[in-house]
Amino acid sequence: MIEIKFKVNQVDYKLEVDDSSRLLDILREELGLTGTKEGCGIGECGACTVILNGDAVNSCLILAAQVDGAEIETVENLEKNETLSRLQQAFVENGAIQCGFCTPGMLMSAKALLTKNPHPTSAEIKDALEGNLCRCTGYVPIINSVLAVAK
Amino acid sequence: MQNEVSKNRKGQDSVIGKRINRVDGYEKVTGKAVYGDDIQLQGMLYAAIRYTDIPAGKITQIDVSEAEKLAGVKAIARFKDIPGQKRLGPIRADQYAIVDEEVFYTGDVIAVVAAEDKEIAHLAADLIKVEYQPIPGIFDPREAFQSDSRLIHPEYKSNIMVHYPLRKGSVEKGFEQSDQVIERDYKTGFQEHAYIEPESITAAPDPTSKGYKIYGSIQNPFTTRKVVALFMGLNLNQVNVFGSTLGGSFGGKDDIVNYMACRVALLAKMTGKPVKLTYSRENSIKESYKRHPYFLNYKVGFAENGKLNAMKIKIIADCGAYSSQTFFVTWRSVVQATGPYEIENVETDIYGVYTNNTYTAAFRGFGSPQIIFAQESLMDEIADICGISPVEIRQLNGYGQGSITASGQKLSEHKVSLNEVMITAMKKAEYEKKIEEFKLLNAENDRFAFGIGLSCSYRGCSLGAEGTDATSAIVSVQADGSVYVLTGLNENGQGMRTTFSQIAAEILGTKMEKIVFLEPQTASINDGGPTVASRGTITGGNAVILAAKEVKQRIFEVIKDRLKETDLEKTSWQNSIIKSKNNEIPFDEAAEIASKQGINLSAYGWWNAPDVSWDEETGQGNAYFTYVYGCQIAEIMVDKSTGKIDVLKVTAAHDVGKVINRLGAEGQITGGVMQGLGYAVLEDYNIQNGEVKSANLDEYLIPTIKDIQSIDPILVENEDKFGPFGAKSLGEPTLELTSAAINNAFKFATGNHSYEIPLTLEKVFLNKQLKKPSRQSEVAHTETCRVHSTKKQSPRLNNITTITPKNLDEALKLLSHEQFEILSGGTDVLIGLRMKSGEHKLLNIFDISELKGISISQNEIRIKGGTTFSQIISNSVIREHFPILVEACSKIGSTQIRNRATIAGNIVNAAPCADSYPPLLLYEAEFVLQSYHRTRTISAEDFIIKNYQTQIEANEILTEIILPVPAPQKYSQHYFQLGRRNALNITRLSLGIIMTFENDLISDCRLVSGSLFNKPKRLPEIEKMLYGEQLKAKMIEAIEQPLKEIIEKEIGGRWSSEYKIPVFLNLMRNGLNDIRKKKESQND
């Protein structure tokens, strides 16, 4: 077991967790933040994407010990005062969601991109989202959603 | 978020056909939607599976004693514990949720453990020991088809589980009357659904019914209920199934989740507690059913003008170990096998055959993608032979109004729009213009060939004569005018909840916002049949209409006096206002009045599909009550030097009858096309001798966001008299056409017909699939084998201890007296550890600041070992001096991977396909290896011994990479990385070249290969040949033979060399020519 202190969605936590726990497990099981999903466990599908110290990362490939002192943002942080962020809204309006299982990861990858680069091109959007697999939408509406926010 | 509203045909505001936001959009963008694995119940236990170790054989012993002893284990369920029916199946009960004494495929389950936590459950599953008497498996359905073949299930007397014949006219006569008769064989592969959500099911004892509540990722809750009730020996009303939000299904979360539900229900019975079973991706791919591989033989006779006279079709479908939905899947194939073409003489036979492969069942398309691939490829070939265009042959033979299908059905009850969809797609795609453009491009380009191809289909809507086709809906208006809708069908992600809410809103004239679509549970409504066969909108939509109209009538009866109108038809219901000529009442008020008068404002809609018929002997009958038509046009680019296909654009025109939600409908097309694209070029479920090789999504490749440039969805509307508002089907047609369109585009591009998908690199380049052969030890033995498997039943991280040193000094000190595995970015190490058993001590060095950063001096640039690839590729100095390093590193994994993966990690891992390494060889990097007592420097050249072996010692850390700054002269550079898709690749081959010239002669030349030899390597012999020479075409040719010999000497015996050697020679030629041409253009 190890003790970690970190910040998730602006809240400070101090937890004692198993060394084998991944950031994904901590978010889902210790903090009940089940918006972050597991699709493959090997960093291939991106459903577990969260923002760690400003960067989009696969939370299935980060161990507990590696988040001590870190600042993390998950999908649960996007809606403020019962208002969806522009990005979330764009996903709904452009049909970027079907089954929705890839959606939290997509949103976090897109948010990390938009924070660093508020006006990305289509190619830049594809670079940022290349690690997020979607099986339902064919990606076209997802690209359109991010473009809508980038305007 | 305003939904679009416009006028309907009566000039009233209407939500039908508009772009409507999903009603479940909010919960899905906020992470609040509850999926199977998100369910937590009080006192819940966790389950884990013990799978078979071999694909076929008798179990001689199962030893659970060690597993039982593990503290925290609550129950281990085995065959003997099953209280009810032990063998199950939708038609034929030939499958086991837990096997008895024999295993039939690699996903069979021997036992299931329930324990207090996940890890204990998994550990216990790993501890169960099984002994077998292996049986040689049968993995080729053509072998299983032979009458002397071993019987997979002897009790059924034959491996042929189903045979559907279809006879129309006389094919013999038809062939005789034909100018030409050709015969072609086609083959399609397995396809994995690859829904992003792996399966998860929870069962909880229900004291009220003395049965169970079942939750989770369930496509067809009523089927799950039935299967669990049978298995547990319960009545249907003792099993209540609550489907959670479904993370994709595509036909896939049916049988497999039913069996999972059986297992957890049994464990819930044994323990008296709720039990959850969630699959890893590996479990999911290993156990879940796939799309059937088909072996198709088409013999066709036609006149010289292209008119088809006769078609004889024989298809063998690989059903794997169990029958499952094969009876239904193959039936659709026999109905539609000729495609949408009028042929007087047809003889079709399709056989579903048992093998020891993964069983196969429902997958979006359901027996149509295979036949469309074959017959639409065949149509193009016949057109070629007859010297007519692909469009002409389809127009000559295609169905029109009143055409008779192969099964003798007259197409007169709906608009036959085959030609309309084709013309629409052609216009939108500028098909004719593109043909000319591509011809020109191909004439002037040696390497890249462009192709355009089309395919057409017709498809029977809903279940047709395959089964009972009725469904249910409840519309319930509350006293305040708000509305509940629920149906006996299921939201799988496709948007059904939105569509049905729209339909209810439209009929009642109320606002979408007033409608709540209730989470379905099987106790609350009657079985609406499965959500399959693209039947949701057409059948469920009708049921919603019936229910809503009933409620509307009841409300009207109460308010008609106030409206001063006796005829409901003469009233208008819109924007929540009910109007007559004389008066108006708000809908909410009307609801309140009716409610106060004790009127029942809940109504049940039950829709029974129109009659269909089928004669099993002759294959004749009215198979489906209506049909949809579609046409897709694919534009592709083929790299002839590697076999890589890039899909540039797909234009997809589909007649949907009537669009209900345009946003949803377009999404069905873009999504279906992408799955069809994967089926055509990427998706290769690799199972050999019953063993699954493509275990996770790094090996089973689905399309990424970079694998298509554009999809143009076109919705054609011809309202159907049976459909709700005229709507028909869309989900499946979108997928079924794409592979044939791509295959026909491939023929256009290369001039070669292809008869097999997927069109992998090897298939395109060598015209055959090339797969890593099984090791001898994996080929089934006949001796008794005792398996002390140390393999984890479910890959996971466990048994890890981590130590995080504060600084480099502390890290080195720890390493000097203790053994650790070093953890940095974790993107290789943790993936590896998921598979490994035993204890692992990790030294976490990711955050050591001394290992981060890039420093620049006059002669050299030093990259600290812990620098991530994202940091490297965004560094301006590195971008300036080492462009190939930047290009190579930017192709590693994905943005998320590059944000964590470190350069030292990539180097030390020493994979032959490591992308950062070849550039480091090119730029002649050196590595600093530091231990507590010494620091040493080693060249990149010497560091890797061979694959995954390096010179680093256990107490050392690779702290720095030193790159000499190249002299300020003009370098010519070239880098090429080949992957199977356009992102998330494991590199198949790479080539880097740096060259300088003095007076036109090569003065420096560095060549490096990746993924070719057992480590990334320079090619000094070839470099030497080029030194001092002019880079002329002749010179480039001259190095080819020696290069070939060098590669052959080293890797000639490897399975992949047949592909890799010629392709690497091509890459070298491309690369050197690229430099030569650039140089020549500079000289001009």
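User: How do you know how many residues of chain A are in contact with chain B?

Analyst: Two residues are in contact if their C-beta atoms, placed from the backbone, lie within 7 Å. By that test, 63 residues of chain A touch 66 residues of chain B. This is a predicted model, where local features need pLDDT of at least 70 and side-chain atom pairs count only at pLDDT 80 or more, while totals for chains, interfaces and linings use all residues. Residues are numbered from 1 along each chain as its sequence is written, with chains lettered from A and ligands numbered from 1 in the order in which they are written.

User: Which element gives the most to the side of chain A that touches chain B?

Analyst: That's α2(A), with five residues. Helices (H or I, at least four residues) and strands (E, at least two) are DSSP runs, numbered from the N terminus. α2 of chain A spans 86–93. Giving two or more residues to that side are β4, α2, α3 (103–116), α4 (122–129) and α5 (140–150) of chain A.

User: What makes domain 1 and domain 2 of chain A separate names?

Analyst: The bounds come from an automatic or database domain assignment, and for chain A that assignment gives domain 1 (2–77) and domain 2 (86–150). Their centres, taken over C-alpha atoms, are 21 Å apart.

User: How many residues of domain 1 of chain A are in contact with domain 2 of chain A?

Analyst: 14 residues of domain 1 of chain A meet 12 residues of domain 2 of chain A. On the domain 1 side, β3(A) brings the largest share, three residues.
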